[in-house]
Amino acid sequence: MQTFKDKINPERLPQHVAIIMDGNGRWAKSRGEKRTFGHKHAIKAVREAVNACNEIHIPYLTLYTFSSENWNRPEDEVDTLMSLISETLILEAEEIFTKGLRMHIIGDIEKLPPLVREQMLHLVDITKENKQGNLILALSYGSQNEMLNAVKQISAKVKAGELTEDEITEEVFENHLYTKDFPPVDLLIRTSGEVRISNFLLWQIAYAELQFLDILWPDFGREDFFRCIYNYQNKERRFGKTSEQLEENI
């Protein structure tokens, strides 16, 4: 039987996929368990997404791991999430390295517990020469804060005479974001049936295709990822142009 992977055109792959991993709490509640139970079972879905992305050679994958707003959740849930991140890094570090993936972290990592921050930075360091793909974890991340910080940095440079107002371009702004070394997001996936962006990569998804799935994150699998890629390839990406203009450039 033909799978979605079989239908994918390797010549038309997105360069950067981002995922909002949502639905852990509802998945746990539907089983009569606490929210933390869902977070623990979400690791398998993360592995499925990373492996599927690596399998078809998509160079950039960003996972919304922990938002800046998530610090407002109950303390025991935050503690569990931090512990899970720490445990997962230890368990998955060797596989990430041997797959040739390079790890990146975006967000206000100074807010992370010291142990988690050290583990993150260590994995970033030991994978810095890897070239098979880029795994980007958004941790303590909020897009509005990211853009506000960029504005502050640029304003300071203008004040110091390093930049003039006329020199502030989209490229200059992008070079002050966490994602300055990554391409724009081509495809954004959100699980759980919710249709919102939740302060995630607001600048970077300006022309991304958006796909909202009814699947709760712990149930997300390899074939779901491939289905999203297949659906992406069946969209006409116009970037403000008309279909006729695109056809003229073929």
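Biologist: Which residues have the most contacts inside the largest nonpolar core?

Modeller: They are Val-17, Ile-19, Phe-225 and Ile-229, in a core of 45 residues. A nonpolar core is a set of buried Ala, Val, Leu, Ile, Met, Phe, Trp, Tyr and Cys residues joined through side-chain atoms within 4.5 Å. This is a predicted model, in which local features need pLDDT of at least 70, side-chain atom pairs count only at pLDDT 80 or more, and totals for chains, interfaces and linings use all residues. Residues are numbered from 1 along each chain as its sequence is written, and side-chain values use heavy atoms, with hydrogens and water left out.

Biologist: Why is the pair of Phe-4 and Tyr-230 called tilted?

Modeller: Rings of Phe, Tyr and Trp (its six-membered ring) pair if their centres lie within 6.5 Å; planes under 30 degrees apart count as stacked, over 60 as edge-to-face and the rest as tilted. The centres of Phe-4 and Tyr-230 are 5.7 Å apart and the planes stand at 50 degrees, so the pair is tilted.

Biologist: Why does Phe-4 count as partly exposed?

Modeller: Buried means under 20% relative accessible area, exposed over 50%, and partly exposed in between (1.4 Å probe, protein chains only). Phe-4 has 24% relative accessibility and therefore counts as partly exposed. Tyr-230, at 24%, is likewise partly exposed.

Biologist: What makes Tyr-60 buried or exposed?

Modeller: Its relative accessibility is 18%, so Tyr-60 counts as buried. Phe-182 has a relative accessible area of 13% and is therefore buried.
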